[in-house]
Amino acid sequence: MPAVDKLLLEEALQDSPQTRSLLSVFEEDAGTLTEYTNQLLQAMQRVYGAQNEMCLATQQLSKQLLAYEKQHFALGKGDEEVISTLHYFSKVVDELNILHSELAKQLADTMVLPIIQFREKDLTEVSTLKDLFGLASNEHDVSMAKYSRLPKRKENEKLKAEVAKEVANARRKQHLSSLQYYCALNALQYRKRVAMMEPMLGYTRGQINFFKKGAEMFSKRMDSFLSSVSDMVQSIQGELEAEAEKMRVSQQDLIAVNESVYTPDSDVTSPAINRNLIQKAGYLNLRNKTGLVTTTWERLYFFTQGGNLMCQPRGAVAGGLIQDLDNCSVMAVDCEDRRYCFQITTPTGKTGITLQAESKKEYEEWICAVNNISRQIYLTDNPEAAAIKLNQTALQAVTPITSFGKKHEVHHPSQNVKNMENDKIIPSESASSQDSTQLIAPGTPIQFDIVLPAMEFLDQNRGGRRANPFGESEDSSKDEEEDSLLQQMFIVRFLGSMAVQSDATSEVIYEAMRQVLAARAIHNIFRMTESHLMVTSKNLRLIDPQTQVTRTSFDLPTVTQFAAHQDNKRLIGFVVHLSEPLGEESMSAYVFESNTEGEKICYAISLGKEIIEAKKDPEALAQLMKSVPFTNDGKFILLNDESEEDGAIHEEGEESEA
């Protein structure tokens, strides 16, 4: 016999769309089998009815043959021979009637009864378990929706525990009902074969016995066939019993699991998180806007496929594309007082989708997986090894190293303000690699949010000019923008800043990047402040994208070092050298993630510094303006091939004002 298709009991708890899709195939098969069984039963009942009618007809015929003798024919003389012949025929018919009665009884017991029992027992059981599974599934969905709406306030811990217990009970009930339902559908694949052949086996045997007793017909030709069919039925019955025992043991093993399998977010304090994932699948809540201020959350099954995030509704055959994850950014967000929410942003800075995980473990693993995929690790020869190496590098980043140059044997071009010649940026090379402790003091605190620098804070709080409470730029800053020969806007996200001890080499920027990223990975800090970085020929300004308020600014001469990361092209950093009021000097490194390549930002900063130097010499300024192409309306054309995000910020697009 060919192999029988089965539903895997191990996938009952996860209840994935793939399992639901396979389940729908089994349900469709069961529905078709039910319809066919009803039609087959009608045909067999008609045969049984015809056989019963044959018994009644032969019985009536026998009586009518005997009744000939009692008829008063007007011309009845000489009928004795006919009467005796009819009596003999009556006995033959009576004997045949006995055989027909036995055949009718055999048909009722071996043909009609098994198919009725199959319909009333097996098919009805499947239908009942289907209804129970649907009720349990709906109850689980309702409890999960209630659990997802729990707020984050601590005073609701009792309510959270009650709702979590309700979710666990509903999940356990759904798991048990699904196991019973899957077992019934698997067993149905065996029983339907038996149910189709067993009635016909009884029908054929009854007919053979009928003819054997009547005329010993067909016995020699049918005995071997009936024997083989009987052996086949017994073999299937034996396989069914063995499979039923195997499913019973497996069901008991699956039920006897830890309670944490049913309880969401069971280990909040120290969940086992895998940060090396390059694939991820599971249920998430998707935030959908239904109006200007109203939103809805839909629980859907998400999975990653290559560099794409896919979504598959329950019961669907295949999933659909939701988001291209290449070069996207992911961060944790606060959304409608819900826990474990995170947001995926497109490379152009446009907000993508907002999702909610059901537990802290799922929440952090999804963020790590999306972050790994966005870096296109899946395109490498060994994606898993690349992900492990990336995360190990982040974890080891807080351990001091003796030589930073050993880690970066091959340096990509970095920008040093002292090395500029004919619009070409010459990489700065230190005479010898410095110790990381000479670049950044051990234990230096890292700042993950943007605040005003000390000088600007003192200016706003001492007497004299009144500070604008809304942080808006004054007209003087607008005049400075109009007078600036260079303006270039970039979308960046602030990763962190820290004090440094040297600005003599770009190695300090790489070390700051390493420590900032490591601290974010270790402390699970995913949130980033998005800003617009305006590069002019006078300063660098960070502007709030919503209010257009300047968050902070740095005079371009104070920017002494700037460089892009060697491996992650979107990482950019610079060092700001400031003089304190008391004569002291301070140096700070700032690290950002950009939607464009960091080299383009470095080019813009380098061009701004060249303009500052060229302003001291009119001939040098004229030479510089000749070397940089202009448009017809007098604007610089910068080397920015991918400026889609710049066009979304201002109308100048790829150009900057001259």
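Biologist: Over the ring of which tyrosine does the charged end of arginine 172 sit?

Modeller: This is a predicted model, in which local features need pLDDT of at least 70, side-chain atom pairs count only at pLDDT 80 or more, and totals for chains, interfaces and linings use all residues. Residues are numbered from 1 along each chain as its sequence is written, and side-chain values use heavy atoms, with hydrogens and water left out. A charge sits over a ring if NZ of Lys or CZ of Arg is within 6 Å of the ring centre and within 35 degrees of the ring normal. The charged end of arginine 172 lies 5.4 Å from the centre of the ring in question, that of tyrosine 262.

Biologist: How are the rings of phenylalanine 574 and tyrosine 590 arranged: stacked or edge-to-face?

Modeller: Rings of Phe, Tyr and Trp (its six-membered ring) pair if their centres lie within 6.5 Å; planes under 30 degrees apart count as stacked, over 60 as edge-to-face and the rest as tilted. A search of the whole structure finds 12 aromatic pairs. Here the centres are 5.7 Å apart and the planes meet at 25°, so the pair of phenylalanine 574 and tyrosine 590 is stacked.

Biologist: Is phenylalanine 574 buried or exposed?

Modeller: Buried means under 20% relative accessible area, exposed over 50%, and partly exposed in between (1.4 Å probe, protein chains only). The relative accessibility of phenylalanine 574 is 2%, so this residue counts as buried.
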